[in-house]
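Subject: Structure for your review

Dear colleague,

Please find below the structure that I am handing over to you. My notes on what was found in it follow directly after.

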Amino acid sequence: MLKSLQNDILHEAESKDLKVIIISAEGPVFSSGHDLRELTEEQGHDHHVEVFRICSEVMMLIRNHPVPIIAMINGLATAAGCQLVASCDIAVASDKSSFATPGVNVGLFCSTPGVALGRAVPRKVALEMLCTGEPISAQQALLHGLLSKVVPEEQLEEETMRIARKIASLSRPVMSLGKAMFYKQLTQDLGTAYHLTSQAMVDNLALGDAQEGIKAFIQKRKPTWTH
């Protein structure tokens with residue numbers, strides 16, 4: 001599943017026609033994370049190393065992808081499934097969804113899910129989830145920053161597609177520059193962050209789409225992007 005997800009995310013990643021990706025699931029579970037049968041001692045050390053290597057690669061791939069990636073959640077997201085939600089740029093969930101990192105209950109602390117979770121929600125919220133394994137509701141996940149939006153189940157696809165269409169209507173070069181810089185500046189001190197983003201604004205202005213957008217605004221017309 002992880003390799004399939006990796007291939008799908010990489011598919012035509014550099015195509016100018018690709019503007020946004022939505023990750024969703026069928027059934028009552030968005031993702032329950034790793035198959036514990038793959039993590040028994042019979043599988044061996046090397047297999048365990050490979051499982052977590054590919055999982056980490058997929059999560060970093062989402063962060064480094066040139067277009068925004070949206071998680072559309074309708075159900076349960078646990079362990080690496082919760083990690084997947086936390087790794088996406090935008091996350092929209094139905095009000096019946098829930099989220100947990102329950103590995104501690106089977107003796108396997110969710111250390112790798114904690115990387116993404118700890119960067120999405122406050123530290124004490126993350127540690128309560130990691131140390132108890134207890135789930136949080138969609139509304140709690142929204143309150144703590146794990147989700148962008150919570151909607152009734154019947155409105156989930158419509159709202160997710162509305163966001164995706166809005167992103168798809170905008171300039172891909174501008175979006176790619178902006179996404180990359182947003183994540184880059186987060187790890188910097190305040191002065192460095194402003195230095196990097198100031199340069200990014202200047203670089204952004206050098207893009208044809210930026211000049212087209214500004215001219216269109218002044219001329220009170222819709223912009224015509226390069227794509």
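Buried residues (under 20% relative accessible area with a 1.4 Å probe, protein chains only; exposed is over 50% and partly exposed lies in between) make up 41% of the 227 residues in the protein chain. This is a predicted model, in which local features need pLDDT of at least 70 and side-chain atom pairs count only at pLDDT 80 or more, while totals for chains, interfaces and linings use all residues. Residues are numbered from 1 along each chain as its sequence is written, and side-chain values use heavy atoms, with hydrogens and water left out.

The protein chain has 10 helices and 8 strands, taken as DSSP runs (H or I of at least four residues for helices, E of at least two for strands) and numbered from the N terminus. Its radius of gyration, taken over C-alpha atoms, is 19 Å, close to the 17 Å that the globule rule gives for 227 residues, so the chain is as compact as a globular protein of that length. The rule is 2.2 Å times the number of residues to the power 0.38. Of the contacts (heavy atoms within 4.5 Å) with a separation of 6 or more, 66% are between residues 24 or more positions apart.

Turning to the pockets, each is an open set of points on a 1 Å grid over the protein atoms alone where a 1.4 Å probe fits, with protein on both sides within 12 Å along at least five of seven lines; lining residues have an atom within 4 Å of a point. A volume is the space filled by probe spheres set on the points, which are joined across faces, edges and corners.

The largest pocket holds about 770 Å³ of space. Its lining comprises 30 residues, with R63, A86, S87, R119 and Y183 nearest its centre. Helix 8 gives the most to this lining, with 6 residues. Domain 1 (2-168) and domain 2 (172-218) both contribute to the lining, so the largest pocket lies between them; the domain bounds come from an automatic or database domain assignment.

The second largest pocket holds about 660 Å³. Among the 27 residues that line it, M1, L2, L5, S31 and G33 are the closest to its centre. Here helix 2 gives the most, with 6 residues. By class, this lining has 15 nonpolar residues (Ala, Val, Leu, Ile, Met, Phe, Trp, Tyr, Cys and Pro), 5 charged (Asp, Glu, Lys and Arg) and 7 polar (the others, Gly among them).

Yours sincerely
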